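Thanks for coming, everyone. Please have the sequence and the model open while I talk.

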Amino acid sequence: MSLALAACSGVKGDAPKVDQSQFTDVTDGTNWSAYGRLYDESHYSPLTQISSDNVNKLGLAWHMDLPPQISTVSAPLAIDGILYFGIGLSHLYAVDVATGKTLWEYDPEVAKVAGAKARLGWGIRGIAYWNGKIYTATQDGRLIAVDAATGKPTWSVETTGKNDGLSITGAPRVFAGKVIIGNAGADYSAVRGYVTAYDAESGKQLWRFYTVPGDPAKGFENEAMEKAAKTWTGELWKKGGGGTVWNAITYDHELHRIYIGTGNGSPWNAKVRSPGGGDNLYLCSIVALDANTGKYLWHYQVNPGETWDWNAAMDMPLATLTIGGKKRRVLMQAPKNGFFYVLDRDTGKLISAEPFVKQNWAKRIDLTTGRPIENPEARFPKGSTEIWPSEAGAHSWQPMAFSPKTGLVYIPTTELSVVWNDRGVDHKQWKRPGDYALDGSFNPLRFGLPPGVTSPGSLQAWDPVRQRRVWSVPLRAPLNGGVAATAGNLVFQGNIEGKFVAYAADTGKTLWSFDAQNGIVAQPITYMVKGRQYVTVLTGVAGGAGLMAGMPGVPVWDYRSQMRRVLTFVLDGKDTLPAPPPAAPETGSILSFPVNAALAREGAQIYAAKCQMCHGIGASAGGSAPDLRKSPVVADKATFRQVVQEGLLKEQGMPQFTVSDAQLTAVRNYLGQQAK
C-alpha cells in the first residue's frame, strides 16, 4: 500500500490533504507502517489468523543472522511484503518477507563523521515510513530519507550542531506529510532539548520547539519559554537544562496535535541544576504542540523539579475510553516514576494516576492540582535515601501496548530501588568531567537486586479505567522487550532470558515460547503477506538492558559468540536455528598480567564514567558489547591502546576516547582485577 494524495475527512485543524489511512485505519492489519503501527502508538494489530487457539502451531519461517553490532533492539516496519529495519549505527536493511532475501542495505557511515559524538548513545530504536521513503536518524545528529525501493538516500539534514553534546537514538515519527525528530545527551553534556519538524518530501525545516529555556539575555523563542524560565533558578543555560525528547512522540490525527515526552534534567541532581528550587519546566513533562506550527498548547509535568533521572519519555498511546459514563479522548503513560497516568488529551488535565509498581517517593497524586504529594525523604535531605523505583524506571523506553478489544494496557515493568547519595557533592562548584562522561552530580549508586527481590521484571496487564492490575507474569530480569498485542487474544514479548513468548491477552497464561538463543529487548510486530500472518522480532541486547547481566537466574550473553538475528514466524513454520555456541570460557585466563591495586581503584572510576554503559557494571558485560574480562584486546597493551585511543574499531561501534596513557593503564589494571 502506498500513500496517495486525496481528501482526508475527520481531521481537525489545517492538516494537509493526504490519505493517511495506512496510519489511521484500525481495521486493516496488513502493514505495520509506523513505530506503534498507527499514529495512536497502540502497538496493537487487529489480525486474528494467529490466535490464542492456534499459536502453539507457530513456527520459525526464516531467520537472518546479523553482523556484530552494538544495538539490535530497534522496531522493524513491514510494508507491502517488505521488512525494513535498522541496527547499530543506523545501518538499514530491506528484506523480502516471503523469502527472507535481503533486497538492499544502506549504511550512513556514522563512524566516519560522528567524531566525539560516537561516545553518545548506542544505536537506534526504530525508523519511520512515508510515501515511499524510509526515515532514519543517526547518532551524529542527521535525519535521512531513503528511497524504500532502492535504499538510496534522497535527502539528509543536520538536526543538531557540531560537538553540541546532542545525539539521536530514538525513532523519527511521520505525520501528515511531516517528519519529526528529537535528540538525546542530557546524561553526558550541558544540552538543551528540542524537537524539530521537517517536510517529509524535501527535508525543509518547518518548526522547532525547545523544551527548556535558554539564556534570558538572548530573549525567548516564545511565551512558553518565557513562562518556563520563571520555574528555574540559577544559570540553567550554562548547565544545559536537559529535557531532551529522546524517545516518545505521538501524533493525534483527530486533534492534529503532537505530544512529546521530555526527559530528565541536566545534570540529574536538582540541587545542582536549579539550586533555588522550582518546577523546572518542561522537564519530565508531556507537552502538546500544534502539529502545523509547533506552538505550545498545554503540558502536564509528571515530576516537578525532577531529580531522580526519571522522565516522561515513555510511549504515549491514545485511546477513547468510557470513564464515569462518558467517552473521553485520553493519552496514557507509564513513565519511570511508577505511576500510571491517564490524561484528557483535549485539555491536558489529569483524569487519574495510580502506582503500578512499588514506589515510595510520593504518597499519591493530587487529582485537583495534578501534582504529586511527595514523601519528605524523597529528595534525600540528609544526603542519602533509598528510592523506589530506581533510575532504570518502573517502565523504560521498551513500549507497552493497548488493546481496544480487552481494554487493557500491557506494560513491560521493572521493580528495582536505588540509593541516591550526594553527600560531599559541592552543589555550587560541581563541574562536568568532560569528554561525554557520565556524571549526574551524585556519588556512585548502589546497583543490584534489593534484598528479597527475586523477580525484578514482569509483564503486567493494567486496566486504565479502573486503574488496577488485572494480571502479572513475573520475570527474572528487568528491562525486558517491548510488547505487541493482537485481536487474536495474544500479547507477544521477548525477554532478557532469551525467550520469545506469546501470552493470552485476557489471562496472562503462557501459550507458546521460542528459544531465541539471545536476549530480546526489541518490540515485535505482526502483519500480513500473501494471506499469511507473520510475526517478526530482532534479538540481542543493548544499553541499560546489558547492565542487567549477572542478576540471579539471568543468562550472561556473549557479544562475540551468540548471534543477533531477525526471527520471523508463521503458522506451521519449519525453519530451525543452528545449535547455540558452547559456553564462553571463564574469566581470568586471558588477562594474566600483574595487577596494581591502587591503579585498579583509579581505573574503576574511569571505567564507570566512560565504559560501563556498554561493557557492563563491574565489567560483567551482558551482550551489549564484548566482555572485557575475556578480551584478547585488553590482554595486549598495544592493541588496547589502538582500540581505545586511536579508534581501531570505531566502524564496529567502539568509539575513540580521549584518555591519557596513564588513564588507559589504570583501566587495564581494573579490568585485570575484575577478571581475577
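Predicted model: local features only at pLDDT ≥ 70, side-chain atom pairs only at ≥ 80, totals over all residues.

Helices first. Two packed helices are described by the angle between their axes and the distance between the axes. Look at α6, residues 597–610, and α10, residues 661–675. Their axes come within 7 Å and cross at roughly 100°. Who makes the contact? On α6 the residues are Leu599, Ala600, Glu602, Gly603, Ala604, Ile606 and Tyr607. On α10 they are Gln663, Thr665, Ala666, Val667, Asn669, Tyr670, Leu671 and Gln673. By class, that contact has nine nonpolar residues, five polar and one charged.

Now the spaces. Start with the second largest pocket, which holds about 350 Å³. Its lining has 19 residues, and Val26, Leu38, Asp40, Leu318 and Ala319 are the closest to its centre. Which elements supply at least two residues each to that lining? They are α1 (21–24), β16 (249–252) and β21 (318–323). The largest share, three residues, comes from β21. The lining divides into 10 nonpolar, four polar and five charged residues.

Next, the cavities. How many reach 30 Å³ or more? The count is three. The largest cavity has about 100 Å³ of space. It is lined by 16 residues, with Ala34, Tyr39, Glu41, Arg173 and Val174 closest to the centre. β7 (128–130), β11 (173–175) and β16 each give two or more residues to this lining. Here β16 gives the largest share, three residues. By class, the largest cavity is lined by 12 nonpolar, two polar and two charged residues.

The second largest cavity has about 40 Å³. Of its 13 lining residues, Gly170, Ile181, Gly182, Val245 and Trp246 lie nearest the centre. That lining has seven nonpolar residues, six polar and no charged ones.

On to a single residue. Val501 sits in strand β35, residues 499–504. Is Val501 buried or exposed? Its relative accessibility is 5%, under the 20% cut-off, so Val501 counts as buried. Leaving out residues up to four places away in sequence, Val501 touches Val491, Phe492, Gln493, Asn495, Thr510, Trp512 and Ser513. Tyr251 is 250 residues from Val501 in sequence, and their C-alpha atoms are 30 Å apart.

Last, the backbone. Most residues other than glycine have a negative phi, and most peptide bonds are trans. Here are some exceptions.

Two cis bonds to look at. One joins Leu281 and Tyr282, with omega about 0°. Tyr282 is in the loop between α5 (270–273) and β19 (285–290). The other runs from Trp388 to Pro389, with omega near -10°. Pro389 is in the loop between β27 (384–387) and β28 (401–403).

Then two positive phi values. Phe380 has phi near 40°. Phe380 lies in the loop between β26 (372–374) and β27. At 1% relative accessibility, Phe380 counts as buried. Asp572 is not a glycine either, and its phi is about 65°. Asp572 is in the loop between β39 (564–571) and α6. With a relative accessible area of 46%, Asp572 is partly exposed.

That is my list. Over to you for discussion.

Conventions: Residues numbered from 1 in each chain as written. Heavy atoms only, no water. Axes fitted to C-alpha atoms, helices over the stretch in contact; angles between N-to-C directions. Helix = DSSP H or I, 4+ residues; strand = E, 2+ residues; numbered from the N terminus. Contact = heavy atoms within 4.5 Å. Nonpolar A, V, L, I, M, F, W, Y, C, P; charged D, E, K, R; others polar. Buried < 20%, exposed > 50% of the residue type's maximum accessible area, 1.4 Å probe, protein only. 1 Å grid on protein atoms, 1.4 Å probe; cavity = no way out; pocket = protein on both sides within 12 Å on 5 of 7 lines; lining within 4 Å. Points joined across faces, edges and corners; volume = space filled by probe spheres on them.
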